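Open the model in your viewer and keep the selection panel at hand. We will go from one selection to the next and look at what is there.

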Amino acid sequence: MKDINTQNDARLAHFSSLLEAARLAAGDRDERLDKNMSQYLGSTEIDGSSESALTVRNITYEIIESEIDPAVPVPKVEAFSYSEQRERRAASIERLCTALRERLPFEDMNDLDERYTYIYGASIWYAEWEQDGGDGGVKLCCLSPKSFLGQPGITKIEDMEYCFLTFITTRDELMRKYGVSEEDSALAEYEYKYDGASTSDTVKVVICFYRDEDSDVSRFIFSGDLVLEDTPKLYKRKRLVCGKCGAVAGECACGAPRILSDLSAEEVRIGEKNISLPYYTPKGFPIVIRKNSRSEDTVFGSSDCEIIRPQQQAINKVESRILQKLLRAAVTPIMPEDSSVTLGNAVFGQVIKMRPGESASSYGKIDTTPDISQDILEADRLYEQAKRVLGISDALQGLDGTGVESGYARQLKISQSASRLETKRRMKNLAYSEIYRLMFEHYLAFADATHELSYKDGLGRVHTEEFNRHDFIEWDGGAPRYADEYLFSTGEDSESQYKREALWERNLQNLESGTLGDKSEPRTLLRYWQAQQKAHYPYAKDNVEYFKGILENQNQKESEKENEKSD
């Protein structure tokens with residue numbers, strides 16, 4: 001036991017030193033990211049000044065919110081090289097990813113992902129296989145880039161030898177998940193401390209992913225001076241064996257501590273034979289980084305907050321000056337010396353009563369209301385600058401609604417004016433394609449049970465098929481292996497908010513032009529409403545069900561007529 005503790009201490013010291021080196025290399029990164037979030041939330045801070053802005057016109061929030069796309073990209077999978085069997089597998093993978101896309105809280109994670117990406121310049125996606133008492137399933141998390149530290153000097157995660165993720169969890173969850181005793185939990189790193197004593201029930205947990213001498217991904221988890229998990233070859237199947245004789249736990253009486261041992265292969269029955277097949281092992285870290293847009297010499301992308309900070313700072317100064325001028329403005333009355341009026345400070349609380357024979361011309365005023373028209377023009381000019389820098393147009397914000405134009409014409413205008421946003425959309429699609437690959441690889445590695453997948457065909461009929469990882473076995477030179485050579489991307493029918501109105505109009509044009517068939521036929525109308533349902537047209541589902549019912553009645557009547565003829 002002493003040797004084990006000594007080994008744990010040495011490994012803890014090793015990974016702690018790597019973490020500290022990564023933090024030093026990151027420099028003031030977290031402070032800069034916090035500054036970006038403060039700007040998005042409307043900070044009054046003025047760079048280089050001890051004074052704060054009197055007011056904030058939060059153009060950062062307005063512009064970033066106009067960029068938010070609630071659409072979750074649709075998975076698309078193709079075989080690397082064609083064969084009928086590989087095409088069927090590609091379709092099966094696509095349906096698996098689509099089912100998981102609908103089952104997992106992607107809408108909520110996408111909301112975080114969009115804001116993290118534009119505010120910080122990146123978002124972090126983390127996947128892990130979670131056993132839930134049954135066969136288990138893949139779990140996804142979208143994290144702030146402050147949670148990630150990479151190997152210093154390496155800008156691509158696929159080239160890193162190690163990287164870190166940091167989580168905040170509760171003390172009780174730490175004890176439950178990692179089997180930590182109450183006494184040992186005091187060694188964890190608590191989020192807040194005062195004079196060395198813990199003042200918080202939340203702890204920081206650090207996960208280090210690293211490559212071993214065989215380039216296999218391994219995992220080391222710790223918190224402060226407490227080792228929580230040390231798992232070499234993370235993706236290898238594990239089982240408990242006797243630490244002395246190596247027998248499977250429960251089959252020996254040595255009394256030695258049980259240790260985890262890798263399972264090298266499984267027995268699979270194919271046809272009439274049982275074969276020994278190595279388990280599938282993913283090669284990369286279970287992390288995907290979505291970048292806003294590529295930035296040189298950094299693992300993250302560029303932040304929209306940083307790009308428009310000069311305009312936000314300047315506009316805050318101008319708006320503060322406008323407010324100062326308005327607060328100092330006044331209208332001062334001028335009255336005869338022998339007037340009996342008493343002046344006070346109450347607004348609208350004075351009444352001037354003229355004496356008999358007096359004329360109103362005896363009274364006057366001095367108006368010191370300033371001219372702020374130039375300030376307003378400057379503020380608007382700065383706002384337009386910020387929008388143009390990021391490629392945000394009035395069309396994209398829905399501010400040019402004058403005149404009558406079709407949805408498709410409007411979509412063309414948006415596409416032309418938002419060309420600089422296309423890179424960001426492509427980076428999002430690239431990240432999601434990698435996320436879908438991670439999901440598939442986890443199921444190929446760990447899903448022992450067969451998973452049922454439901455999908456709809458072109459006529460809206462629901463079908464069920466099974467996803468079985470053993471279906472991906474191929475023979476390479478006489479040896480069996482799992483085939484994972486598939487191309488992952490996102491489909492053209494991803495539900496971008498900027499495309500829906502155009503899709504609705506295109507579907508209608510297809511119906512009217514006869515592309516879908518005779519528009520007087522229920523079958524054609526059913527196809528039209530199914531297309532509108534995919535494009536999320538309001539109440540399209542009701543119309544789909546209506547025309548399905550009409551077709552079923554027609555088919556039933558035709559069947560009855562055929563039966564009568566045969567009789």
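This is a predicted model: local features need pLDDT of at least 70, side-chain atom pairs count only at pLDDT 80 or more; totals for chains, interfaces and linings use all residues.

**Stop 1: the cavity.** Select K35, S38, Q39, S43, E45, D47, R309, Q312, Q313 and N316, which line the largest cavity. Its volume is about 100 Å³, and the structure holds 1 cavity of 30 Å³ or more. The largest share, 4 residues, comes from α8.

**Stop 2: the cores.** Next, select F106, F148, F209, I287 and I289: within the largest nonpolar core, which has 80 residues, these touch the most other members. Helix α12 (residues 422-446) gives this core its largest share, 11 residues. A second, separate core has 14 residues, including I315, I372, L382 and I392.

Centre the view on F148 and show its contacts. Leaving out residues up to four places away in sequence, F148 touches, among others, R29, I124, M160, F164 and V299, as well as I287 and I289.

**Stop 3: a strand with two faces.** Finally, select strand β1 (residues 75-79). P75, V77 and A79 form its covered face, while K76 and E78 form the uncovered one. In a regular strand, side chains alternate between the two faces of the sheet. To find one of them, pick K76 and its bridge partner in β23, S489.

Notes: Residues are numbered from 1 along each chain as its sequence is written. Side-chain values use heavy atoms; hydrogens and water are left out. Buried means under 20% relative accessible area, exposed over 50%, partly exposed in between (1.4 Å probe, protein chains only). Two strands pair if DSSP finds at least two bridges between them. On a 1 Å grid over the protein atoms alone, a cavity is a set of points where a 1.4 Å probe fits but cannot get out, and a pocket is an open set with protein on both sides within 12 Å along at least five of seven lines; lining residues have an atom within 4 Å of a point. Grid points are joined across faces, edges and corners, and a volume is the space filled by probe spheres set on the points. A nonpolar core is a set of buried Ala, Val, Leu, Ile, Met, Phe, Trp, Tyr and Cys residues joined through side-chain atoms within 4.5 Å. Contact means heavy atoms within 4.5 Å.
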